[in-house]
Amino acid sequence: MIKVLKGMKDRYFEDIRKYDYIIDSAKNVFSKYGFEKIITPIVEETELFERGVGEETDVVSKEMYTFLDKAGRSITMRPEGTAGVVRAYLQAGLYKSDPLVKWFYYGPMYRYEAPQKGRYREFHQVGVEAFGVRDPFADAEIIKMGCEFLETAGIKNLTVEINSLGNSSSRQRYTAELKKFIEERLDKLCDNCKTRYKKNPLRVLDCKSEACQEQYKNAPVLKDYLDEESSTYYEELKKYLELLEVNYVENYRLVRGLDYYSDTVFEIKSENLGAQSTVLAGGRYDKLLEILGDIQMPGIGFAAGTERIALLMDESLLKEEEKPVYVVYFPETKEYALNIIKILRENGIKVDFDYGMKSFKSQMKKAGKLNSKYVIILGEDEKNENKAVLKNFDTGEQEKLEIEKVIERVNGDV
Ligand code: ATP
Ligand code: MG
């Protein structure tokens with residue numbers, strides 16, 4: 001038998017109810033903040049991600065699903081959402097007229113990673129991007145919106161971590177120091193860090209090896225290298241977060257290892273996720289639009305993984321599905337039943353029944369299994385009198401009624 005690919009999953013029943021709940025929460029919260037939905041294609045030119053995510057990153061260097069299309073173009077299944085949304089913004093030329101655009105998106109992402117709990121090869125993200133604004137108040141609002149989204153989706157005990165990467169001159173002074181620090185203890189670091197620190201020293205701080213993290217505990221911190229402008233921006237961010245009542249902690253080692261990130265970076269974490277503790281991650285990327293489109297335009301965004309949210313969510317929030325009214329009929333009343341079912345549905349009633357000619361007993365059993373509150377029995381007498389027997393499964397009471405009365409009774413009950 002052919003099975004689903006490694007690291008991917010069919011999703012139905014409970015998984016879908018959770019996913020829909022997460023997406024509904026996102027839509028409700030984001031629209032309150034004036035964000036509109038955008039849909040971009042799942043595949044893009046490979047170069048978009050090479051430039052927009054960065055060739056140095058694990059995502060681009062190791063994790064991409066890349067292939068040639070029939071015309072020999074290199075195509076990649078998106079590993080993240082920001083690059084495509086930025087491309088759409090640039091392509092539409094929106095920066096010319098009214099540059100402030102606030103978008104949210106959701107959908108599948110693809111990364112060729114080692115699958116484990118909370119880490120898959122096909123996973124889903126909900127994300128937001130805001131273009132055309134550089135103001136710490138916007139950053140604070142977006143962090144607040146991320147918290148509100150996760151809270152609405154039923155997640156508790158989250159920690160918001162923030163940091164500032166400063167502007168590029170602050171970062172340059174810092175990375176020079178960091179490089180020196182790394183070189184002094186190179187023999188104690190993992191192979192990955194030994195090479196990546198040369199091209200992108202910041203990135204080593206994000207290493208998942210505990211031994212490396214032990215070393216980085218005493219590394220110089222970016223905060224001490226922020227210039228006047230950057231530290232004012234950061235102080236204002238904190239002020240606005242307090243104003244918006246966002247509880248945060250400062251994590252001086254929090255980085256996004258890409259050059260185009262600047263100033264604000266943040267992550268929302270949960271203690272209940274084991275190794276995959278980050279649920280939502282984001283930051284300000286004031287250089288990204290320049291890299292992708294030669295346009296100087298600030299931007300900020302975040303992305304959250306829905307599978308990790310689903311692992312954390314409070315399931316009691318999921319609404320009980322409305323149980324269908326179950327219609328039981330007989331071979332002689334099949335056509336009568338079909339007509340009644342049609343009328344019930346026209347009146348907004350959720351109806352289920354069996355297609356096969358099952359016995360009365362097995363139809364009643366199915367109704368019980370579905371946990372239906374009402375069963376409508378359509379026998380020959382009912383057909384002749386143009387009525388129906390309505391049985392309340394909870395109380396056991398049953399009554400023969402006109403169809404209009406049945407509709408009234410069922411609809412009056414919800
Ligand atoms: P990690 O450090 O966990 O690998 P990341 O830095 O690669 O995360 P981002 O690219 O910032 O993650 O993506 C944002 C969010 O998307 C993550 O916080 C997580 O919730 C989710 N995510 C990322 N990769 C995966 C994956 N392979 N499977 C499930 N969710 C994922
Ligand atoms: Mg990753």
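## Annotated positions

In an unreviewed entry, UniProt lists Glu80, Gly81, Thr82, Arg111, Gln125, Glu129, Arg256, Tyr260 and Tyr261 under "binding site". UniProt positions are given in the numbering used here, feature names are shortened, and the annotations may be inferred rather than shown by experiment.

## Basis of the model

This is a predicted model, in which local features need pLDDT of at least 70 and side-chain atom pairs count only at pLDDT 80 or more, while totals for chains, interfaces and linings use all residues. Residues are numbered from 1 along each chain as its sequence is written, chains are lettered from A and ligands numbered from 1 in the order in which they are written, and side-chain values use heavy atoms, with hydrogens and water left out.

## Domains

The domain assignment of the protein chain gives domain 1 (14-167 + 227-317) and domain 2 (325-412). These bounds come from an automatic or database domain assignment. Between the C-alpha centres of domain 1 and domain 2 the distance is 50 Å.

## The shell around ligand 1

Ligand 1 is surrounded by 15 residues, where a residue is near a molecule or strand if one of its heavy atoms lies within 4 Å of it. The closest are Arg111, Glu113, Arg119, Tyr120 and Lys208. By residue type the shell divides into five nonpolar, four polar and six charged. In this scheme Ala, Val, Leu, Ile, Met, Phe, Trp, Tyr, Cys and Pro count as nonpolar, Asp, Glu, Lys and Arg as charged, and the others, Gly among them, as polar.

Strands β6 (122-131), β10 (278-284) and β11 (299-305) each supply at least two residues of the shell. The largest share, three residues, comes from β10. Helices (H or I, at least four residues) and strands (E, at least two) are DSSP runs, numbered from the N terminus.

## Polar atoms facing the ligand

A polar side-chain atom of Glu113 lies 2.6 Å from a nitrogen atom of ligand 1. A polar backbone atom of Tyr120 is 2.9 Å from a nitrogen atom of the ligand. On Thr278, a backbone N or O atom lies 3.2 Å from an oxygen atom of ligand 1. The protein covers 87% of the 590 Å² of accessible area that ligand 1 has on its own. Accessible areas come from the Shrake-Rupley method with a 1.4 Å probe; for residues, only the protein chains shown count as cover.

Arg111 is found in the loop between β5 (101-110) and β6. Its relative accessible area is 17%, so Arg111 is buried; buried means under 20%, exposed over 50%, and partly exposed in between (1.4 Å probe, protein chains only).

Glu129 counts as buried because its relative accessibility is 0%. Its side chain makes a polar contact with the side chain of Tyr285 at 2.6 Å. A polar contact is a pair of N or O atoms within 3.5 Å; within protein, one must be able to donate a hydrogen and the other to accept it, and residues adjacent in sequence count only if both atoms are side-chain atoms.

## Positive phi angles

Most residues other than glycine have a negative phi. Phe13 has a positive phi near 45°. Phe13 is found in the segment before α1 (14-32) and is exposed, with a relative accessible area of 66%.

Asn157 also has a positive phi, about 55°, although it is not a glycine. Asn157 sits in the loop between α6 (136-152) and β7 (158-164). At 58% relative accessibility, Asn157 counts as exposed.

## Sequence and spatial separation

Tyr106, in strand β5, is partly exposed at 24% relative accessible area. Tyr106 and Gln125 are 19 residues apart in sequence and 5.5 Å apart in space, C-alpha to C-alpha. Ala176 lies in helix α7 (residues 168-184) and counts as partly exposed at 40%. From Ala176 to Pro201 there are 25 residues in sequence and 8.6 Å in space, C-alpha to C-alpha.

Gly84 is in helix α4 (residues 82-91) and is buried at 3% relative accessibility. Gly84 and Ser170 are 86 residues apart in sequence and 29 Å apart in space, C-alpha to C-alpha. Asn251 is in the loop between β8 (248-250) and β9 (264-270) and counts as buried at 19%. Asn251 and Leu292 are 41 residues apart in sequence, with 29 Å between their C-alpha atoms.
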